[in-house]
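Here is a short briefing on domain packing, salt bridges and a chain interface. Please keep the model in view while reading.

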Amino acid sequence: MNSILELKDVSYVYSKGTPFEKVALDKVNIAFEKGKITGLIGHTGSGKSTLVGLLNGLNKPTEGTVFLDGVDIWEKPKEISRVRYRVGLVMQYPEYQLFDETVREDIAFAPKNLGLDDVEIEARVRDAASFAGIGEELLDKSPFDLSGGQKRRAAIAGIIAMRPDVLVLDEPAAGLDPRGRSEILGSLRKYADDSSASVILVSHSMEDMAHYCDNVVVMADGRIHSSGTVDEIFSVAEKLSKIGLDVPSVSKIVSALAARGIDLKGKLYTVEGVKDAILEYIKEVNK
Amino acid sequence: MISDITLGQFFPGYSPIHKLDPRTKIILATAFIVAVFMANNPVSFLLLTLGALVLVAVSRLSFKVVFKGIKPIILILLFTALINVFMTSGEGTPLFELGIIKIYTEGIVRAVFMAVRVVILIIGTSVLLTYTTSPISLTDGIESLLSPLKKIGVPVHTFAMMMSIALRFIPTLVEETEKIMNAQKSRGADFTSGSLVNRAKALIPLLIPLFVSSFKRAEELATAMECRCYRGDKNRTKLVKLEYKGRDILWFLIFAAALAILILTTVLPYNLDISGQIYEIVFYQI
Amino acid sequence: MNDYIIKTESLNFVYDDEDSDIVKQATSPALSDVSLSIKRGEYVAILGHNGSGKSTFAKLLNMILTPTSGKIYIDGVDITSESFSEDDMFDIRRKIGMVFQNPDNQLVATVVEEDVAFGPENLGLPREEIRRRVNSALSVVGMTDYARHAPHKLSGGQKQRIAIAGILAMKPDIIIFDESTAMLDPMGRRDIVAIMERLNREEGITILNITHYMEEAARADRVVVINDGRVVLDGSARDVFSEVSYLHSIGLEAPQGNELIDELRSAGLDISGDGLTPDEATETLFKFLSRKN
């Protein structure tokens with residue numbers, strides 16, 4: 001496997017040694033692959049937000065090790081900021097991180113911190129902006145004059161400008177309407193392909209997982225509940241509804257049809273996939 | 001972590017102190033402060049400490065929480081205590097002498113008194129006020145105590161409302177600050193190293209988003225309040241009407257008695273010399 | 001009593017350049033020629049993408065914004081008339097409760113029950129009445145056990161339930177949910193929608209759910225779609241969500257069942273029936289596929 005970021009027996013305990021002690025992560029093992037989009041799904045309190053903070057070294061695991069390219073990220077704690085450049089983290093509602101006078105300057109914040117020269121910075125800002133769908137005409141505007149969806153994309157561009165090997169996005173589409181959601185999530189595939197980066201998408205939405213991800217990691221109670229390719233995870237969709245996750249409604253339709261004797265085959269978790277399966281089914285029947 | 005600070009936080013509960021009228025608590029806290037500054041000898045300090053411990057016990061707050069509240073000021077406390085130890089000159093021979101540094105019994109006594117005074121002051125007032133009184137009822141209390149000023153045109157209600165909203169949003173802003181710091185750290189911002197100028201510069205990416213979001217919050221909150229028919233104190237009633245009850249009177253009496261005893265102890269024939277000797281005895285025994 | 005609790009006639013809202021408050025422009029896009037009548041006790045979803053003007057509509061109804069032209073009648077009273085006084089305005093705001101998007105920015109007090117009491121306190125009600133209302137509102141939203149808690153320690157969904165209780169305590173006739181579920185996780189969202197529906201059925205409160213989640217809108221009795229400040233679709237959820245390709249063209253979606261059936265139709269299949277809910281879609285597809293057999 002071509003993994004870049006790997007967690008070995010990682011545990012995280014909040015307020016250790018106080019009455020408020022809470023185990024948020026319990027001996028988690030995962031590896032994230034290059035060029036793949038991995039979905040991370042689970043309830044609030046399942047430990048997925050905690051996990052996100054461990055990936056780029058905002059927090060240090062209580063136990064266990066996070067490996068980036070085979071190297072323990074906490075080997076030299078003073079150089080943890082280097083890890084943060086390589087593991088780009090887009091936090092929830094990232095638009096609150098915008099602060100500079102222009103969108104251009106704001107996107108350039110991280111590249112400047114990286115100590116790059118002006119030519120390189122300019123190139124990165126352009127690339128990142130176009131990846132995130134920020135048009136040239138917006139670059140000289142104040143970030144505070146953008147619309148909600150544009151702000152979100154500008155903030156994402158600010159992380160992409162670091163050209164991270166791992167891009168982690170915590171609920172990047174929260175609160176956006178369908179168009180805004182597909183604009184943001186749709187650009188992730190291109191980033192994963194072009195930079196052969198590993199993209200980690202944290203989401204509550206099983207539909208987004210089905211639609212945009214290659215692999216899915218399901219978290220529950222601070223542990224990995226199940227993980228695998230989208231096909232593998234969604235073939236046992238009932239298992240997920242047991243831990244209270246919403247299965248896409250097409251999957252519900254598929255299982256209800258199966259219960260009534262109509263067995264479809266194929267990628268049965270997107271509208272597109274089910275459509276193909278039904279067309280295929282009709283062909284078979286007509287033979 | 002910033003969120004670990006308990007000083008100034010409210011811990012809801014149903015203890016006898018929680019149930020007191022906020023005005024009673026404000027008055028008692030004032031009396032307590034007076035008492036703290038009147039105490040001048042071991043006996044009165046012992047009484048005060050005892051009083052503070054009783055307050056903590058009655059409030060049913062855990063001692064841990066209360067002492068955590070003191071943690072943020074320990075450094076300042078130690079520093080001032082040290083200055084007191086070194087800078088106080090006394091009569092008689094110094095306890096310790098090294099070059100120009102002379103430590104006298106009086107210095108140690110004074111430092112200990114000072115430290116005890118500050119710690120007791122914080123414990124007493126926070127147990128009486130912030131820990132056990134919801135900020136809203138605290139402001140209600142202040143509003144009510146200051147209401148005579150309304151007659152001369154002081155906008156007491158407005159100030160009280162501003163204060164309670166400020167209190168309501170402190171935890172929210174603390175959370176927000178941490179969030180923004182993490183977001184900027186993820187972009188390589190460094191808040192902890194570099195020269196003073198650089199560190200001040202590093203705060204810009206933190207402060208601007210914080211201001212922007214606070215303004216947005218303020219605007220949204222104002223709208224939400226208007227939607228809930230807020231129109232200042234015009235025609236406004238209260239869920240909790242402030243009323244002195246039997247227990248308030250009881251507490252006033254207890255406090256008055258305690259204060260009287262304390263005053264008695266302060267005029268007892270103690271002076272620094274004797275208390276110094278007491279400390280010396282204690283020290284030698286250790 | 002008036003049949004229509006809300007009625008608007010060719011409502012317009014634009015900014016004149018002089019008065020262009022940037023913040024407000026961003027949060028309240030323009031509206032043009034909106035004429036809507038909403039019956040007492042109706043459960044209406046107002047659907048539109050971000051910036052479509054759907055929230056502006058709500059702000060006009062309870063007088064946070066003033067329309068440029070057009071009429072608004074609340075319970076038969078013309079709130080746009082010149083003679084409408086400030087006291088009347090507070091009466092309208094009592095009748096129309098609003099629950100906003102960000103749960104943090106609508107809670108005023110540091111103790112749950114004191115926050116719920118804020119509205120009734122402003123109405124100048126006697127203390128016993130406030131107490132009664134606070135208790136009953138908290139029990140309706142299932143937060144009685146949290147009466148003495150600090151709101152900032154609750155989850156987003158719980159905070160939003162407190163906000164609803166705060167509105168309920170004013171005994172409104174209408175509650176407008178202005179994207180109240182947008183910041184919540186799926187569980188919180190389900191809770192809030194369940195409360196909306198219970199309030200509508202059991203307390204007879206008129207509900208306006210302003211949202212861009214089609215799953216939520218599909219549950220309402222009536223769906224009004226707003227695009228670029230205009231009402232473009234208005235009808236039962238069934239009718240509105242059968243317009244799959246139109247919804248796509250204005251950046252919205254339909255429930256997956258509808259989308260699936262629509263795709264199959266475009267692939268040349270002659271399917272009759274609907275797919276608003278998974279059960280319904282299953283039924284439609286089962287009928288179609290078993291007939292094929």
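**Domains and contacts in brief**

Chain A is divided into domain 1 (3-235) and domain 2 (248-287); the bounds come from an automatic or database domain assignment. This is a predicted model, where local features need pLDDT of at least 70, side-chain atom pairs count only at pLDDT 80 or more, and totals for chains, interfaces and linings use all residues. Residues are numbered from 1 along each chain as its sequence is written, chains are lettered from A and ligands numbered from 1 in the order in which they are written, and side-chain values use heavy atoms, with hydrogens and water left out.

**Domain 1 against domain 2 in chain A**

- The C-alpha centres of domain 1 and domain 2 of chain A lie 34 Å apart.
- Seven residues of domain 1 of chain A are in contact with five residues of domain 2 of chain A (contact means heavy atoms within 4.5 Å).
- The two domains of chain A bury about 510 Å² between them, and 66% of it is on carbon and sulfur atoms. Buried area is the accessible area (1.4 Å probe) that two parts lose on being put together, summed over both.
- One salt bridge is counted between these domains of chain A. A salt bridge puts a side-chain nitrogen of Lys or Arg within 4 Å of a carboxyl oxygen of Asp or Glu.
- Asp231(A) and Lys267(A) meet in a salt bridge through their side chains (3.3 Å, N to O).
- Helix H7 (206-212) and helix H8 (230-235) of chain A each supply at least two residues of the domain 1 side that touches domain 2. Helices are DSSP runs (H or I, at least four residues), numbered from the N terminus.
- H7(A) gives the most to that side, with four residues.
- By class, the domain 1 side in chain A has four nonpolar, one polar and two charged residues. Ala, Val, Leu, Ile, Met, Phe, Trp, Tyr, Cys and Pro count as nonpolar, Asp, Glu, Lys and Arg as charged, and the others, Gly among them, as polar.

**Salt bridges between chains**

- Over all chains, the structure holds 54 salt bridges.
- Arg181(A) and Glu253(C) pair at 3.4 Å, N to O. This pair runs from helix H6 (residues 178-194) of chain A to the loop between helix H10 (244-249) and helix H11 (256-266) of chain C.
- Glu253(C) is partly exposed, at 27% relative accessible area (buried means under 20%, exposed over 50%, partly exposed in between; 1.4 Å probe, protein chains only).
- Arg231(B) forms a salt bridge with Glu86(C) (4.0 Å, N to O) and another with Asp87(C) (2.6 Å, N to O).
- Asp87(C) lies in helix H3 of chain C, and Arg231(B) in the loop between H10 and H11 of chain B.
- Arg231(B) counts as buried at 19% relative accessibility. Glu86(C) is partly exposed at 46%, and Asp87(C) is partly exposed at 48%.

**Chain B against chain C**

- 38 residues of chain B are in contact with 42 residues of chain C.
- Chain B and chain C bury about 3700 Å² between them, with 54% from carbon and sulfur atoms.
- Arg168(B), Arg228(B) and Leu239(B) supply 25% of the area that chain B buries against chain C, more than any other three residues.
- Six salt bridges are found across the interface of chain B and chain C.
- Arg168(B) meets Asp104(C) in a salt bridge (3.6 Å, N to O).
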